[in-house]
Amino acid sequence: MQQSVILKASSDGYELIFRQAASFDAIMVDLKTLLDRLQVDNTTDKQISFDMDTESRLLTAEQNQKVTQLVNRYPLFSIHKLAANVILTADALAMVERNTVHLVNQIIRNGQVLEVTGDVLFFGKIHEGGVLRATGSIFVMGEVAGALEAGFPDHNDAAIVSDLSTVPRVRVGELMELVDKEKIVAGTNVVYINDIQALDYVPLTQLKRVRPKLFTRNGGRL
Amino acid sequence: MGKAIVVTSGKGGVGKTTTTANLGTALALMGKKVCLVDLDIGLRNLDVILGLDNRILYDIVDVVENRAQIRQALVKDKRFDDLLFLLPAAQNADKDSLNPDQVKAVVDELKPDFDYILLDCPAGIERGFMNAIAGADAAIIVSTPEISAIRDADRVVGLLEQYPLAEAPKLVINRIRRRMMQDGETMDIDEITHHLSIDLLGIVFDDDAVIRTSNNGEPIVLDPKNPAAQGYRNIARRIEGETVPLMNLEQQKPGVWSRIAGIFHRNN
């Protein structure tokens with residue numbers, strides 16, 4: 001019968017693969033047998049740290065705990081990493097959401113706050129008293145008379161790209177300020193947090209210099 | 001089955017109650033059966049503008065608290081043949097005396113007997129506003145050309161997007177001072193409509209006679225020659241589905257005779 005736990009050695013150390021076709025109970029039995037044997041074979045006092053791969057199976061918190069408890073019984077063994085090849089659908093959707101540039105074309109009226117997870121390319125109108133709030137960066141092609149909040153609440157590497165002549169207030173990450181019309185440039189501005197942790201305004205031509213990471217995405221993956 | 005329309009604005013003093021009274025009267029003049037419901041509990045005015053203030057026996061709070069039947073509380077406007085009725089607000093209670101479900105129940109009870117139920121919403125966006133929109137199928141947003149009124153109207157449109165009615169809200173721009181708008185001292189009609197991004201239902205010019213007639217308990221709409229009255233009558237016709245062009249903003253220059261009459265009038 002095929003083993004439910006396979007031990008592999010690599011240049012990084014030892015890897016334990018929990019086969020996805022086996023039941024968790026069978027894995028626990030085989031894991032114990034394997035660790036017992038390893039402990040006997042181990043003639044040195046050298047600490048061994050395992051990378052554990054559960055293939056296409058997500059362990060529950062309880063199962064995780066059982067594996068950890070079992071390994072902790074052996075003083076020389078520890079877990080370096082316990083991971084699967086898969087993630088929950090909800091987590092995957094959230095990740096896609098975070099890494100997508102959302103196209104928004106609506107009116108944000110006085111008193112309304114539109115909250116977006118990820119980056120926003122905004123074509124609509126923000127009326128006085130309206131707020132566009134994104135966890136990522138904000139790129140504006142519409143009319144804005146309300147507030148822009150990028151990188152909410154504390155993603156300080158976000159940026160706002162917009163004409164600021166009618167924008168009263170901006171926020172990037174944790175920093176918020178009233179737009180000082182003396183500081184902004186004519187046309188499209190980039191608002192970002194600079195090296196001395198202050199909000200700074202530069203022309204659009206400087207966007208790639210101040211936020212190069214915006215242009216290094218590949219197929220939606222960071 | 002009647003249609004319930006809430007007349008709202010957010011800001012106070014823009015003419016919600018005057019608009020409700022005049023639109024109700026204009027619809028009654030067109031032969032429609034109309035019930036006006038005053039939801040400004042504690043600060044009722046609709047009865048005064050209609051000249052019905054000394055004929056109130058029961059009010060809407062009496063109805064929801066089962067002290068009176070709805071028919072007992074309705075005040076009939078005797079100038080019209082069983083066409084215009086008022087359900088007054090309570091004066092000795094506050095806006096918390098009603099809840100949205102109760103208002104909806106009252107409106108639903110009125111609907112089979114009327115063509116239109118106009119709900120006069122109190123200023124603000126709290127409980128009174130929520131009560132008023134609960135029973136409505138459509139909304140008329142009243143604004144004046146002032147920035148503060150437009151800002152509040154924007155807020156109310158946003159709230160109506162959050163709690164959508166069967167029909168999208170429509171805009172009435174009230175108290176337009178033609179000279180100021182022509183001189184660019186206030187936003188013009190197109191700018192306001194474009195800014196709020198809702199359909200324009202009509203415009204009403206500012207006119208001293210509106211205050212004068214309402215002091216006498218006679219809605220201005222009863223005077224067909226008055227420009228404000230024409231504005232309200234046009235809105236009523238549009239509510240009925242007619243296509244009516246907007247009134248001209250250009251003020252007619254007084255003719256020779258009216259100028260001479262004006263000189264004598266001043267001398268008096």
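A: UniProt positions are given here in the numbering used for this model, feature names are shortened, and annotations may be inferred rather than shown by experiment. In chain A, UniProt lists residues 104-192 as "domain: Septum formation inhibitor MinC C-terminal", from an unreviewed entry. This is a predicted model, in which local features need pLDDT of at least 70, side-chain atom pairs count only at pLDDT 80 or more, and totals for chains, interfaces and linings use all residues. Residues are numbered from 1 along each chain as its sequence is written, while chains are lettered from A and ligands numbered from 1 in the order in which they are written.

Residues 104-192 of chain A are 0% helix and 48% strand, where helices (H or I, at least four residues) and strands (E, at least two) are DSSP runs numbered from the N terminus. The end C-alpha atoms of this stretch are 21 Å apart.

An automatic or database domain assignment divides chain A into domain 1 (5-86) and domain 2 (96-215). Taken over C-alpha atoms, the centres of these two domains of chain A are separated by 47 Å.

Chain A as a whole has four helices and 18 strands. Its radius of gyration, taken over C-alpha atoms, is 26 Å, well over the 17 Å that the globule rule (2.2 Å times the number of residues to the power 0.38) gives for 222 residues, so chain A is more spread out than a compact globule. Along the principal axes, the C-alpha atoms of chain A fill a box of roughly 75 × 35 × 25 Å.
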